[in-house]
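Trainee: Could you walk me through this one?
Mentor: Gladly; here it is.
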Amino acid sequence: NGYTLKISNKQHETGRYRLSVRGLKDARIAVLGLADAGAPLDVPSDSLRSFRVFVSAPQSVFGEHHDRDSVHFRFVVTDTADGTTVRDETSFRGPAR
């Protein structure tokens with residue numbers, strides 16, 4: 001699944017952020033343009049930056065609910081300078097049935 005994640009940095013210096021997901025067991029994330037998914041996301045001062053994020057997860061995330069076509073999870077963005085976090089809930093869609 002592909003997502004566009006937008007981070008707004010209203011500080012007067014470049015912001016560095018870590019991206020993770022919660023509620024989607026064994027999920028893997030990849031950020032377009034970054035070789036290491038664990039690398040910080042840099043956002044210049046006083047700006048908004050978009051990141052193209054891809055999330056993959058095994059079929060087992062649907063658990064006993066094999067009839068469901070999506071599972072809710074959260075993106076978590078953490079400011080590496082002060083630990084502030086922002087969470088955003090979204091859905092992970094499974095393969096078409």
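Mentor: A word on terms: two strands pair if DSSP finds at least two bridges between them, and strands are DSSP runs of E with at least two residues, numbered from the N terminus. This is a predicted model, in which local features need pLDDT of at least 70 and side-chain atom pairs count only at pLDDT 80 or more, while totals for chains, interfaces and linings use all residues. Residues are numbered from 1 along each chain as its sequence is written, and side-chain values use heavy atoms, with hydrogens and water left out.

Trainee: OK, how many bridges join S6 to S7 then?
Mentor: Nine, with S6 and strand S7 (residues 85-93) running antiparallel, and Thr78 stands opposite Thr85 in S7.

Trainee: And what's in the turn of that hairpin?
Mentor: Five residues lie between S6 and S7, and Gly83 in the turn has a positive phi of about 80 degrees.

Trainee: What about S2 and S6, which sense do they pair in?
Mentor: Antiparallel, over six bridges, S2 being residues 15-22; Leu19 stands opposite Val77 in S6.

Trainee: Why is S6 largely enclosed?
Mentor: Because seven of the ten residues of S6 (residues 70-79) are buried, meaning under 20% relative accessible area with a 1.4 Å probe, protein chains only.

Trainee: Switching topic: is Asn9 buried or exposed?
Mentor: Asn9, which lies in strand S1 (residues 2-9), is buried, with a relative accessible area of 1%.

Trainee: Which residues does Asn9 touch?
Mentor: Leaving aside residues up to four places away in sequence, Asn9 touches several, among them Thr14, Tyr17, Pro44 and Asp46, where contact means heavy atoms within 4.5 Å.

Key:
Helix = DSSP H or I, 4+ residues; strand = E, 2+ residues; numbered from the N terminus. Buried < 20%, exposed > 50% of the residue type's maximum accessible area, 1.4 Å probe, protein only.
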